[in-house]
Amino acid sequence: MPEVKVRKFLVSVEEIFHEGGPAAAVPPKRGLILAVIENPYAGRYHENILPFMEDLKPLGLKMARGLVDALGGDPKAIEAYGKGAIAGEAGELEHAALWHAPGGYSMREVLGGAKAIVPSAKKVGGPGTRLDVPVTHINASYVRSHFDSVEAGIADAPRANELVLVLAMTTGPRVHARAGGLAAADVKGEDGLR
């Protein structure tokens, strides 16, 4: 199995006080961690790419822990999550899809067994490509107040032979959430939906 070769990490945290309405008593935070890694499959078609998913698991755990730390260090403070990946131009969409399991399961493990499916986005592009990473509540995908997205990207990545891997987390709902639906306080957390 190929070794995971990391070129760099980027961590970003935003704190949202308001969006024109009253200031939040506790401003929610949205955070991202990105890893730029070499794509071992770039440049030609490989039939069996699945083993690289296993290789990405330690990186996923390191990134999930790092993002929780950047958001204050308490896994219990995280209320929503998402993931994404960008393959460089010599790669393919399926290479970005290899991040599904390692990215999702790493966050679930670090957050203590979150129930909801981890939403995802992926694409192929060159340096500076931006990706809107969707996020939903960690235990119930139907909590509308936590439907959000976080824009991710790095000016010099991905190069043609790279992947940009992204994890996103938030500490609360959208700052002025008022679109109804299942409230976070009413989540049962049994099926990942409600």
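Which residue forms a salt bridge with Glu 54? The partner is Lys 57, and the closest N and O atoms of the two are 3.2 Å apart. A salt bridge here is a side-chain nitrogen of Lys or Arg within 4 Å of a carboxyl oxygen of Asp or Glu. Because Glu 54 and Lys 57 are three residues apart in helix H1, about one helical turn separates them.

Before we go on, a word on what you are looking at. This is a predicted model, in which local features need pLDDT of at least 70 and side-chain atom pairs count only at pLDDT 80 or more, while totals for chains, interfaces and linings use all residues. Residues are numbered from 1 along each chain as its sequence is written, and side-chain values use heavy atoms, leaving out hydrogens and water. Helices (H or I, at least four residues) and strands (E, at least two) are DSSP runs, numbered from the N terminus.

Other salt bridges reach across the chain. By the rule above, the count comes to nine. Lys 8 forms one with Asp 156, with their closest N and O atoms 3.0 Å apart. This pair links distant parts of the chain, since Lys 8 sits in strand E1 and Asp 156 in the loop between strand E6 (148-152) and E7, 148 residues apart. Lys 8 is partly exposed at 28% relative accessibility; buried would mean under 20% relative accessible area and exposed over 50%, with partly exposed in between (1.4 Å probe, protein chains only).

Now let us move to the nonpolar core, a set of buried Ala, Val, Leu, Ile, Met, Phe, Trp, Tyr and Cys residues joined through side-chain atoms within 4.5 Å. The largest one has 33 residues, and among the members that touch the most others are Ile 37, Leu 56 and Leu 167. Strand E2 (29-38), helix H1 (51-70), strand E3 (80-87), H3 and strand E7 (162-170) each give two or more residues to this core. H1 gives the most, with nine residues.

Finally, find Ser 106 in helix H3 (residues 100-110). Ser 106 is buried, with a relative accessible area of 3%. A polar atom of its side chain lies 3.0 Å from the backbone oxygen of Pro 102 and 2.9 Å from the backbone oxygen of Gly 103. Leaving aside neighbours within four places in sequence, Ser 106 is in contact (heavy atoms within 4.5 Å) with residues including Gly 60, Ala 64 and Leu 167.

Definitions and conventions
Polar contact = N/O pair within 3.5 Å; in protein donor to acceptor, adjacent residues only side chain to side chain.
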